[in-house]
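Below is a note for a colleague who is opening this entry for the first time. Please keep the sequence and the model side by side while reading the numbered points.

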Amino acid sequence: MQVFTTAAELRAHVEAARGAGRRLALVPTMGALHEGHLQLVRAAAQDCDEVIVSVFVNPTQFNNPDDLRLYPRQPEQDAAALAPAGCTALFLPTVAEVYPQPTVLRFDFGPLEQVMEGAHRPGHFNGVATVVSKLFHLARPHRAYFGQKDFQQVAVVRQLIADLSFDLELVVYPTVRETDGLAMSSRNARLTPAARAAAPLIYQVLAQAATQVRQGVAPAEVQAAALAALAHEPQFTPEYVEVADAQTLQPVAGYEPGRAVVLCVAAHLAGVRLIDNIVV
Ligand code: AMP
């Protein structure tokens with residue numbers, strides 16, 4: 001596995017690999033890697049000849065300075081985990097390397113970002129779209145791998161690829177969970193033991209809500225029951241529960257045959273913000 005810290009090094013590597021006819025995968029991450037990330041990398045290694053993994057805590061997608069400051073960083077451990085998973089090139093740039101100057105361009109994804117993460121984290125998807133665009137240009141992948149864990153991010157990236165004609169295939173990988181159902185997340189490392197013990201409630205609430213949706217319980221009722229179940233656990237402060245159209249991400253008032261809905265949750269647990277979702 002090669003490690004590159006500059007855009008120039010990565011570009012040279014990509015140019016050589018493309019020239020040799022190799023198929024390139026990109027797995028963008030913010031590091032503090034867990035099994036969810038590594039499964040994406042393994043899937044990429046199965047499909048492609050070169051797997052480029054970026055580890056970059058992207059400041060422009062954080063709306064909360066404390067979240068950025070406290071975000072776990074462990075580049076040496078990440079590098080050690082990546083090579084055996086099939087990563088061939090680790091891109092580990094500094095903030096100055098990715099942002100030699102402040103960006104002026106602003107992305108507006110319309111209704112897609114006026115809900116859920118976009119509504120609760122102003123500027124978040126502008127930062128995501130900015131860094132993802134930069135990484136697509138630098139790594140020029142044939143395929144880019146993203147996790148369903150960040151459902152709205154996938155929708156935004158899909159729109160980005162379509163609107164800017166990025167010549168690549170988006171691969172969406174299912175959410176990898178702990179045995180108790182908690183979605184793996186780098187932020188889980190920040191949970192106290194008591195909070196970690198309470199955390200699987202998010203998935204339990206989602207699973208219960210999914211059952212209700214399958215039974216045809218009205219979205220408003222599903223939403224209210226899920227919010228109440230989360231609020232019942234004193235360590236939780238729910239931020240939102242949405243029953244949304246899986247394509248448009250807009251809240252639904254009812255169900256239509258053949259149209260999937262996505263149940264999305266964001267909740268604060270002892271100072272850590274966690275998100276999760278299930279598609280029904
Ligand atoms: P992050 O480092 O949190 O920005 O995540 C990097 C990529 O890994 C994103 O595409 C995430 O959606 C994906 N990812 C994070 N957690 C999981 C998980 N538990 N299962 C599957 N993919 C994940």
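Which residue is the bridge partner of A25 in β3? The answer is given in point 3, after the basis of the model and its overall form.

1. Basis of the note. This is a predicted model, in which local features need pLDDT of at least 70 and side-chain atom pairs count only at pLDDT 80 or more, while totals for chains, interfaces and linings use all residues. Residues are numbered from 1 along each chain as its sequence is written, and side-chain values use heavy atoms, with hydrogens and water left out.

2. Overall form. The protein has 11 helices and 9 strands, where helices (H or I, at least four residues) and strands (E, at least two) are DSSP runs numbered from the N terminus. For 280 residues, a compact globule would have a radius of gyration near 19 Å, and the protein agrees with this because its own value is 19 Å; the radius is taken over C-alpha atoms, and the globule rule is 2.2 Å times the number of residues to the power 0.38. Along the principal axes, the C-alpha atoms fill a box of roughly 55 × 40 × 35 Å. Of the 280 residues, 52% are buried, a term that means under 20% relative accessible area, with exposed meaning over 50% and partly exposed in between (1.4 Å probe, protein chains only). Among contacts with a separation of 6 or more, 73% are made by residues 24 or more positions apart, contact meaning heavy atoms within 4.5 Å. The accessible surface comes to about 12700 Å², and 53% of it belongs to carbon and sulfur atoms; such areas come from the Shrake-Rupley method with a 1.4 Å probe.

3. Strand β3. To return to the opening question, the bridge partner of A25 in β3 is V51. Strand β2 (residues 24–29) and β3 pair in the parallel sense over 6 bridges, and two strands are said to pair if DSSP finds at least two bridges between them. Strand β3 (residues 50–55) is largely enclosed by the rest of the structure, because 6 of its 6 residues are buried. In a regular strand the side chains alternate between the two faces of the sheet. Both faces of β3 are covered, with E50, I52 and S54 buried on one side and V51, V53 and V55 buried on the other.

4. Strand β8 (residues 261–269) and β9 run antiparallel and are joined by 8 bridges, and in β9 the residue N277 is the bridge partner of C264. Strand β9 (residues 272–279) has 7 of its 8 residues buried, so it is largely enclosed by the rest of the structure. The two strands β8 and β9 form a hairpin with 2 residues between them.

5. Two residues with positive phi. Most residues other than glycine have a negative phi. A270, in the loop between β8 and β9, has a positive phi of about 50 degrees although it is not a glycine, and at 46% relative accessibility A270 counts as partly exposed. L249 is likewise not a glycine and has a positive phi, of about 65 degrees; L249 lies in the loop between β7 (236–245) and β8, and it counts as buried at 1% relative accessibility.

6. Helix α10. Leaving aside neighbours within four places in sequence, Y203 is in contact with R177, G181, D276 and I278. The C-alpha atoms of Y203 and V265 are separated by 9.1 Å, although the two residues are 62 residues apart along the chain. Q212 also lies in helix α10 (residues 201–214), where it counts as buried at 16% relative accessibility. With neighbours within four places in sequence again left aside, Q212 is in contact with V217, V222 and A225.

7. Helix α7. L138 is found in helix α7 (residues 124–139) and counts as buried at 13% relative accessibility. Its contacts, apart from those with neighbours within four places in sequence, are with A7, L10, R11, V14 and F91. For A7, which is 131 residues from L138 along the chain, the separation of the two C-alpha atoms is 6.7 Å.
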